Amino acid sequence: MSVVFRKRRSSMVLKSSEDLFLDVAGPKFNTLTRSRHYEFESSVDDEGADPLADKTGVQDLAKLPELTAESIVHELNIRYMSSLIYTLVGDILIAVNPFEEFETLYGEEAAHRYLHTQDFCPIPHVYGVAQRAYKSLLATHKNQCVVISGESGAGKTETAKLIVEHMLAMCKGTGALEKRIVEVNPLLEAFGNAKTAINDNSSRFGKYLEIKFGFFGEVLGAHLAEYLLEKSRVVRQADGEQ
């Protein structure tokens with residue numbers, strides 16, 4: 001996904017960009033990971049609780065005294081079992097799919113802390129990625145890029161939707177154009193999904209979404225390019241897939 005700045009009264013697009021990387025971890029990063037059928041009581045649903053309460057483990061793994069694969073997995077497990085699905089590694093945000101809905105995690109109160117008019121919130125969140133991209137766009141007038149990667153079922157499609165929705169909310173985009181941008185991805189998904197062994201609704205498309213903004217941060221339009229992944233990576237149909 002790319003955020004493109006257009007100069008005022010000009011159609012020229014600046015070519016330089018700053019990259020933000022978002023890594024979405026799937027359900028099998030560790031044997032202790034909860035499955036999609038695991039039932040538990042989430043602390044974020046407690047009445048009056050802070051939806052962004054984050055007091056377990058290390059928020060930024062880059063601050064660990066020793067950064068190894070084992071220490072990363074250990075910290076992710078500690079946070080994940082406490083319903084903390086977002087963790088930073090420097091500029092990289094790791095998101096672990098909880099296979100359930102945390103409504104308050106993406107509510108109005110949470111979104112307000114990651115507006116472009118607010119200071120950067122240190123608590124790891126997907127809205128923080130959108131905030132950094134949009135604030136950098138306004139401050140530098142340079143293109144921004146967000147890369148979302150992960151295995152099948154990791155939550156890439158939902159993550160992209162959350163970033164786009166929050167970015168459009170920051171530019172106060174509530175008109176028909178913004179609505180069409182948000183709705184274009186579900187439309188494509190209806191024609192390009194398949195069932196896999198770990199994901200009942202797996203995207204078959206790789207997508208590049210380019211959102212164009214004006215001089216003052218207003219949205220001007222969007223362009224979506226896609227390519228069919230199955231042409232290059234699938235050689236046979238595995239058991240349990242369709």
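## Crossing of α3 and α4

In this predicted model, helices α3 and α4 cross with a right-handed sense. Helix α3 covers residues 126–140 and helix α4 covers residues 156–170. Their axes lie 9 Å apart and meet at an angle of about 50°, and the two helices are therefore oblique to each other.

On the α3 side, the contact is made by Val126, Tyr127, Val129, Ala130, Gln131, Ala133 and Tyr134. Helix α4 contributes Thr159, Leu162, Ile163, His166, Met167 and Met170. Of the residues in this contact between α3 and α4, ten are nonpolar and three are polar, while no charged residue takes part.

Leu88 sits in strand β3, which spans residues 86–89. The relative accessible area of Leu88 is 19%. Buried means under 20%, so Leu88 is classed as buried.

Apart from neighbours within four places in sequence, Leu88 is in contact with Gln59, Asp60, Leu61 and Ala62, and also with Leu93, Pro122 and Pro124. Leu88 and Pro124 are 36 residues apart in sequence, yet their C-alpha atoms are 6.0 Å apart in space.

## The protein as a whole

The protein contains six helices and nine strands. It has 242 residues, of which 41% are buried. Among its contacts between residues at least 6 apart in sequence, 62% join residues at least 24 apart.

The accessible surface of the protein comes to about 13,700 Å². Carbon and sulfur atoms account for 53% of that surface.

Methods:
Residues numbered from 1 in each chain as written. Predicted model: local features only at pLDDT ≥ 70, side-chain atom pairs only at ≥ 80, totals over all residues. Heavy atoms only, no water. Axes fitted to C-alpha atoms, helices over the stretch in contact; angles between N-to-C directions. Helix = DSSP H or I, 4+ residues; strand = E, 2+ residues; numbered from the N terminus. Parallel < 35°, antiparallel > 145°, perpendicular 65-115°, else oblique. Left-handed = near helix turned anticlockwise from the far one by under 90°. Contact = heavy atoms within 4.5 Å. Nonpolar A, V, L, I, M, F, W, Y, C, P; charged D, E, K, R; others polar. Buried < 20%, exposed > 50% of the residue type's maximum accessible area, 1.4 Å probe, protein only. Areas by Shrake-Rupley, 256 points an atom, 1.4 Å probe, with all protein chains shown as cover.
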